[in-house]
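Open the model in your viewer and keep the sequence panel beside it. This tour tells you what to select at each stop and what is there.

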Amino acid sequence: MYKISEELAELGKRRIEGYPVEGFVWGSGPKNPAIMLVGEAPGENELETGIPFTGRAGKELMASLESVGLAREDVYITSAVRSRPYKWGTKKKRNGEIIERKYNRAPTKKEIIAHALILDTEIRDIHPPLIVTLGNIGLQRLIGPKAKVTELHGVLIESPIQYWDDEESCFKETADVYHIFPTFHPASVFYNPAVRELKDEDWRRLKELLGKVK
Ligand code: URA
């Protein structure tokens, strides 16, 4: 198993303090994974279990992994942000009572920057043969803000990636070239069922790539 240092985790927690986020879920997986998966941020379920992708989206992701002959133990799972970003909203209970509750939301740029050193360290230490980004947040974190999953999904990108330069407070490009394979976030099929076909086709292509990239 690979784990970032306690010091780096503490730094991330300090940097994200004051934003509407809660908890901290560690990345999870072996030191030499077949692939690295980069998601968005943990949600309510992940906060409860302490393990990435254990909710509804996690089930969908595990099915995709299985379709290419992989299991959770074979891959390293992380995300752009390691705390759960939330927003307050209301929910009507069955008895008609209206309650306030927290809902998951996408992380902001500032939250992504607060945890950027964590993801950079994971990528540098593990140096995975292939990075699979799940959705726009993970893709844009690595390739830049103009990248769009709808345009880039299902195709292997060989390119430097963005890392956070702490001294200059900006993202820069790595000297190293990485293999990036963008696909949709597994939860996107819940909001847009038409995505399922495209996502499944991406995973079929990914299966062909596995073992070919180093
Ligand atoms: N979405 C993510 O990006 N990560 C999780 O762990 C769960 C949902």
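**Stop 1: a loop residue**

Select Ala34. At 30% relative accessibility, Ala34 counts as partly exposed. Here, buried means under 20% relative accessible area, exposed means over 50%, and partly exposed lies in between (1.4 Å probe, protein chains only). Ala34 sits in the loop between β1 and β2. Element names come from DSSP runs, numbered from the N terminus: helices are H or I runs of at least four residues, and strands are E runs of at least two. Ala34 and Leu209 are 175 residues apart along the chain, yet 11 Å separates their C-alpha atoms.

Before going on, know what you are looking at. This is a predicted model, with residues numbered from 1 along each chain as its sequence is written. Local features need pLDDT of at least 70, side-chain atom pairs count only at pLDDT 80 or more, totals for chains, interfaces and linings use all residues, and side-chain values use heavy atoms, leaving out hydrogens and water.

**Stop 2: the annotated domain**

Select residues 26-207. An unreviewed UniProt entry annotates them as "domain: Uracil-DNA glycosylase-like". UniProt positions follow the numbering used here, feature names are shortened, and annotations may be inferred rather than shown by experiment. Over residues 26-207 the chain is 35% helix and 25% strand. The end C-alpha atoms of that stretch are 27 Å apart.

**Stop 3: strands**

Select β1, β4 and β5. They form an open sheet of three strands, in the order β1-β4-β5, with antiparallel pairing. Two strands count as paired if DSSP finds at least two bridges between them. β1 and β4 (residues 84-92) are joined by two bridges. Look at Val21: its bridge partner in β4 is Pro85.

Next, select β2 (residues 36-39) and β3. These two run parallel, joined by four bridges. Met36 has Tyr76 as its bridge partner in β3. Which way do the residues of β3 (76-79) point? Tyr76 and Thr78 point one way, Ile77 and Ser79 the other, and all are buried.

**Stop 4: pockets**

Pockets are found on a 1 Å grid over the protein atoms alone: a pocket is an open set of points with protein on both sides within 12 Å along at least five of seven lines, while a cavity is a set where a 1.4 Å probe fits but cannot get out. Lining residues have an atom within 4 Å of a point. A volume is the space filled by probe spheres set on the points, which are joined across faces, edges and corners.

Select Ala57, Asn104, His185, Ala187 and Tyr191. These lie nearest the centre of the largest pocket, which is lined by 29 residues. Its volume is about 660 Å³.

The second largest pocket has about 240 Å³. Its lining includes Pro107, Thr108, Lys109 and Phe171. α6 gives the largest share of that lining, three residues. Stay on α6 (136-143). Ile137, Gly138, Leu139, Arg141 and Leu142 are buried there. Just after α6, Gly144 takes a positive phi of about 120°.

**Stop 5: the cavity**

Select Lys3, Ile4, Phe24, Trp26, Gly27, Tyr76, Arg82, Ile118 and Glu122. They line the largest cavity. About 40 Å³ of space lies inside the largest cavity.

**Stop 6: the core**

Select Ile123, Ile131, Leu142 and Ile161. They have the most contacts inside the largest nonpolar core, which has 21 residues. The largest share of this core, six residues, comes from α5. A nonpolar core is a set of buried Ala, Val, Leu, Ile, Met, Phe, Trp, Tyr and Cys residues joined through side-chain atoms within 4.5 Å.

**Stop 7: two loop residues**

Select Phe53, in the loop between α2 and α3. Phe53 is not a glycine, yet has a positive phi of about 50°. Is Phe53 buried or exposed? At 10% relative accessibility, Phe53 counts as buried.

Finish on Ser169, in the loop between β8 (162-165) and β9 (170-173). Ser169 also has a positive phi of about 50° without being a glycine. Ser169 is exposed, with a relative accessible area of 52%.
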